[in-house]
2 protein chains.
Amino acid sequence: MNPPNTHPFPDPTRKRLLQAALDVFAEKGFHDATVRDICARADVNAASVNYYFRSKEALYSEVLAAAFRETHERYPDTLACDSSLPPEVRLRQFIANFLARLLDETHLGRHGKLIAREIADPTAALDQVIESTMKPRCALLQGIIAELVGPGVSEADMHRLGLSIVGQCLMYRHSRSLIDRLCPEIIATPEEIEKTAEHIARFSMAALRHLSAGEAGP
Amino acid sequence: MNPPNTHPFPDPTRKRLLQAALDVFAEKGFHDATVRDICARADVNAASVNYYFRSKEALYSEVLAAAFRETHERYPDTLACDSSLPPEVRLRQFIANFLARLLDETHLGRHGKLIAREIADPTAALDQVIESTMKPRCALLQGIIAELVGPGVSEADMHRLGLSIVGQCLMYRHSRSLIDRLCPEIIATPEEIEKTAEHIARFSMAALRHLSAGEAGP
DNA sequence: AGATGATTGAAACAATTGTTTCAATCAAAA
DNA sequence: TTTTGATTGAAACAATTGTTTCAATCATCT
């Protein structure tokens, strides 16, 4: 009646399936990925997806949740969360961490690709991820920004500030195709990625610090 | 042998097909869109796609090229190109224009969606579009930035500056799913979109102006 | 009117998809 | 060893896909 759950632990084929599915989904997206391809890479029978997960869609949901969990474990926002540190340091950390998460190709950069796909073309699984992962991260960033710009900023403008920072980071993932074709060198090596993170941090901090000062145009 | 081209002008069914294809491709993406759906919306026979265009892929290419052409016509960068204007004004114009293009829902906002899809998940058609549309626009932005920050900035950092500005704008298209769920009000009306464009311009100008000044930390 | 050739319509085709089926196999308990 | 139930494997299924076919229709020119 309920074969998969009778198992004490996720067995090797189930694990291999999840790993292969992450690869294929990240590379081709949900619809372009085929169950047969996933099973072939996992070296298991084509019926296994429907045996261990009840459908391709359920497999995708689980892969997506796992991707968020793993990137969060691998790049925890511990320093950015430390409210005893000065906000400049915390923002720098937040950005560097965010960018590293997005551009990670070592562990398995599939995570970033998968998440970018989900944002660009959401499935039903997105809402759950927003609640569990994105909202907390958003609140963290808003807190840091509030420390930097002080009070007197409307809620809408606080959101815009956050999006200006996040947007700069996401650019390197969502528009990776453009960067690869226009200026691949700026994220070619870990050192260059670090420089890029530093650039975004300095750019954003300069903006946050001098925004209220230069209200009027020249 | 060559029936479609014998026609003096693109006929109504061909036009309707292009229009319907833009809608469907923008809404569902290339692969999720079906030829039958496109033909149904255009109210033509299912074989018409292969009659007027030789395949679904060729139809997509033509739709994509048309989308870029039309947005360019509708939102020309005339003011941003006018090098007699001060660079602050030109940047503000560039950003407002860029954002308006991305968020246009009136004419047929399908353009923005379609282009965002193509960037996030490129097909073979992207390279041609980069050459014809993106590189010139990039050069324009680089020129404006150069005027604002002066010489002494490496080419890599010039690219990073451009991407920081473009990234802020693209955020509102690529991550529209997040904005709709987290803070839809900031682009709910044309007035709010205008405020958002103004925010990005002020944020970026403050950063560009004070970036070199604040090299060291606090 | 008649002929020509482009266009349309309905059906069929071939390939691919996610899913299901069911007998064969394996591991562990009795 | 026998039995039980989970797992695997190969095949088949049903639905959907882009594409092709071909006769019917339409517009245009002689």
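UniProt positions are given here in the numbering used for this structure, feature names are shortened, and annotations may be inferred rather than shown by experiment. With that in mind, select residues 34-53 of chain A, which an unreviewed UniProt entry annotates as "DNA-binding region". The span is 65% helix and 0% strand, and its end C-alpha atoms lie 15 Å apart. Helices (H or I, at least four residues) and strands (E, at least two) are DSSP runs, numbered from the N terminus.

The model is predicted: local features need pLDDT of at least 70 and side-chain atom pairs count only at pLDDT 80 or more, while totals for chains, interfaces and linings use all residues. Residues are numbered from 1 along each chain as its sequence is written, chains are lettered from A and ligands numbered from 1 in the order in which they are written, and side-chain values use heavy atoms, with hydrogens and water left out.

**Chain A as a whole**

Of its 218 residues, 50% are buried; buried means under 20% relative accessible area, exposed over 50%, and partly exposed in between (1.4 Å probe, protein chains only). Among the contacts in chain A with a separation of 6 or more, 69% join residues 24 or more positions apart, where contact means heavy atoms within 4.5 Å.

Next, select A197(A), in helix α11 (residues 190-210) of chain A. This residue is buried, with a relative accessible area of 6%. Not counting residues up to four places away in sequence, A197(A) touches I95(A), A96(A) and L99(A). The C-alpha atoms of A197(A) and I187(A), 10 residues apart along the chain, are separated by 9.8 Å.

**Salt bridges within the chains**

Side chains of opposite charge can pair when their charged atoms come close. A salt bridge is a side-chain nitrogen of Lys or Arg within 4 Å of a carboxyl oxygen of Asp or Glu, and the count over all chains is 36.

Select R74(A) and D104(A), whose side chains meet in a salt bridge (3.1 Å, N to O). R74(A) lies in helix α4 (residues 56-74) and D104(A) in the loop between α6 (87-103) and α7 (110-120) of chain A, so the pair ties together parts that are 30 residues apart in sequence. R74(A) is partly exposed at 41% relative accessible area, whereas D104(A) is buried at 8%.

Move to D157(A) and R160(A), which form a salt bridge with the closest N and O atoms 2.9 Å apart. Both belong to helix α9 (residues 155-174) of chain A; being 3 residues apart, they are separated by about one helical turn. D157(A) is partly exposed at 31%, while R160(A) is buried at 1%.

A further selection is E27(A), K28(A), D37(A) and R41(A), which are linked in a network of salt bridges.

In chain B, select R92(B) and E198(B), which form a salt bridge with the closest N and O atoms 2.5 Å apart. R92(B) is in helix α7 (residues 87-103) and E198(B) in helix α12, 106 residues apart.

**Where the chains meet**

Show both chains. How many residues does each chain bring to the contact? Chain B contributes 51 and chain A 52. Together they bury about 4,800 Å², 66% of it on carbon and sulfur atoms; buried area is the accessible area (1.4 Å probe) that two parts lose on being put together, summed over both. R160(B), L163(B) and F203(B) supply 15% of the area that chain B buries against chain A, more than any other three residues.

The interface holds 6 salt bridges. One pair to select is R117(B) and D121(A), with the closest N and O atoms 3.1 Å apart. On the side of chain B that touches chain A, the largest share, 14 residues, comes from α10(B).

Select S177(A), in helix α10 (residues 176-182) of chain A. S177(A) is buried at 7% relative accessible area, and, leaving aside neighbours within four places in sequence, is in contact with I119(B), P122(B) and L126(B).

Finally, select helix α8(B). Because 8 of its 11 residues are buried, the helix is largely enclosed by the rest of the structure; the buried residues include R117(B) and I119(B).
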